[in-house]
Every structure is written in C-alpha cells, then in structure tokens.
Amino acid sequence: MRRYCSVLGLAARCTFWKVLAATMVSCGAEAALFLTTLARWGPERNPMSLEGLLFHSRVFLCFGPGLVLVCALLALWEGTGSGSQTGYTVRRLRVGERALSLLWGGYGTLCLLFYWAAHLGTVLALCAAAAPHLSERAASPLALFLACWRSPYLHALLPLKDVWLWGRNLLLCAALGLGTAAFSHERRHGHRAWGWIPLALGAALLFPLPMGAFPFQGLDPAFLPYLETEVEVYTGSGSPVPGLMAFLLTGGSAAVLINAALMICGREPLYEN
C-alpha cells in the first residue's frame, strides 16, 4: 500500500501545482466577468435575477478552456520516460505498468473533481456576494435555489435532485481521468490514445445542461409554479437539442472510459512489478 501511495504522491508533486494554477486562473476569470457585469449598475440594485447575471456575464465560457487545459496537463505528463528521475523512482518502487496507469487515472479523476468543486464554490460565492445587490423582486430566500434550476451552467455544477446529471458529471470526470492516463500509457508503447481530446472539447461546449434535459427524466411538476414562463427558456421545452447534448456527452464519456480501460489492461506491459 505504501508504494502505491508513493506513486500517487509522485504524480501529485509533478502536476498538482500546474492543475491548481490552471483552476485558479479559470475561476479568477469567472469572478472577473461576473463582478464586472454586477458593477455596471453602480450603487443601484441590479434588476436581473441570479440566473440572469450568470447568463449575461458569460461565466460559463471560462469553464471549458480551463477543463481542456487541465486534461492536457494530465495527459502530457508521461512520468516514466527512460532516463527520467520520475521513471527511475517508479521502477524502484516496483509498481507494475498497468497498476501505475490505473492509479494515475484515479489521480486524474480526483483532479477533475477538484476542478468541478472549485468552479462550484466560485459560482456559489459570487451568487452570495450578488444577493444584497439584487432588486426586491429578484432577492428572495429561494433565489439561489431557483437559479440552480433556471441556469443551465449552475444546474450542471449543482444538479440538486437531478440524479442523472450527477451521474453524467461523475462519469465525465472518470472518463477524462482514465483517458488522459491511457494517453500516457499508449505513448510509452509508441501509440496514441486520442479519445480524451474530443471528449474534453465536447465537455467544454456541452457541459451546461438545463433541467429536464434527459428525455426519460422530465420535469418535477412541483417546481413549475416557481419557474413560471422561464421553463421554456431554460429547459428548451419542445426542443430535442438538450436531450441530444445529454446523450452525446454521457455516451461519449462511457465509450472513452471503456476504451481507456481496455487499452491499459489489454496491452502487454513494458515492465512488471
């Protein structure tokens, strides 16, 4: 167990600070866009709701590039190249190549969960900071709760009772984490595993998802009186696009996860423990 912890610590020392820097830059850009939009009203109360602020500030544009950058940092770190100090340390710990790649896939998944949590914390903090500046109509005890259902980006970050969206997000993190590890694994064998790249780009574009996007889930009738006419705007009611987005990203994540696992476990390892 100690040698496996040492391998994870080695990966963290080599990549975590880069991942942290990319995450902080992305969250900082998100905060700058949101606060700039909020400051346009000066001392007056903002007439928009929280979901309106999130939409018009375009904070969702910061999530995608940061996600792609984090995935690239994880994928491009090989860690076991011949002659490298890291590779020597790994072989000295006597950890097999398959176990090594799976461990690094788990580490990459944790990094992506951290990225998700950091953006969620940033958006919640920004919403809390904006609450005193909202108009009386928009400022209510349910403002943040309603924004989680009305804003596709906030709903994707915090799905609340949307179990299928929780599953999509967790599957996406696992697929990107193992997919980037498979990329490094295949590169050591002289091959390439490009699956994480279209998945990361797809996640950058399709991560915000309105409530009720999964066709077999539908909307909870209990929330309809609170959402009023904005149901049409934020859920794309009557449009197949949100359902298609949900299917593409979820199906793509499952395909990349299975393919990465098969690549790591199916190829003959370069060395054994």
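Helices here are DSSP runs of H or I with at least four residues, strands are runs of E with at least two, and both are numbered from the N terminus. This is a predicted model, where local features need pLDDT of at least 70, side-chain atom pairs count only at pLDDT 80 or more, and totals for chains, interfaces and linings use all residues. Residues are numbered from 1 along each chain as its sequence is written, and side-chain values use heavy atoms, with hydrogens and water left out.

On that count, the chain has twelve helices and zero strands. Its 273 residues are 47% buried, buried being under 20% relative accessible area, exposed over 50% and partly exposed in between (1.4 Å probe, protein chains only).

Take helix α3, residues 60-75: its 16 residues reach 24 Å from first C-alpha to last, close to the 22 Å expected at 1.5 Å a residue. That expected span is 1.5 Å times one less than the number of residues. Quite a list of α3 residues is buried, including Cys62, Phe63, Leu67, Val70 and Leu74.

Now for the charged side chains. A search of the whole structure turns up one salt bridge, meaning a side-chain nitrogen of Lys or Arg within 4 Å of a carboxyl oxygen of Asp or Glu. The partners are Arg150 and Glu51, whose closest N and O atoms sit 2.7 Å apart. Arg150 belongs to helix α6 (residues 143-150) and Glu51 to helix α2 (residues 50-56), so the pair ties together parts 99 residues apart in sequence. Arg150 counts as buried at 10% relative accessibility, and Glu51 is buried too, with a relative accessible area of 2%.
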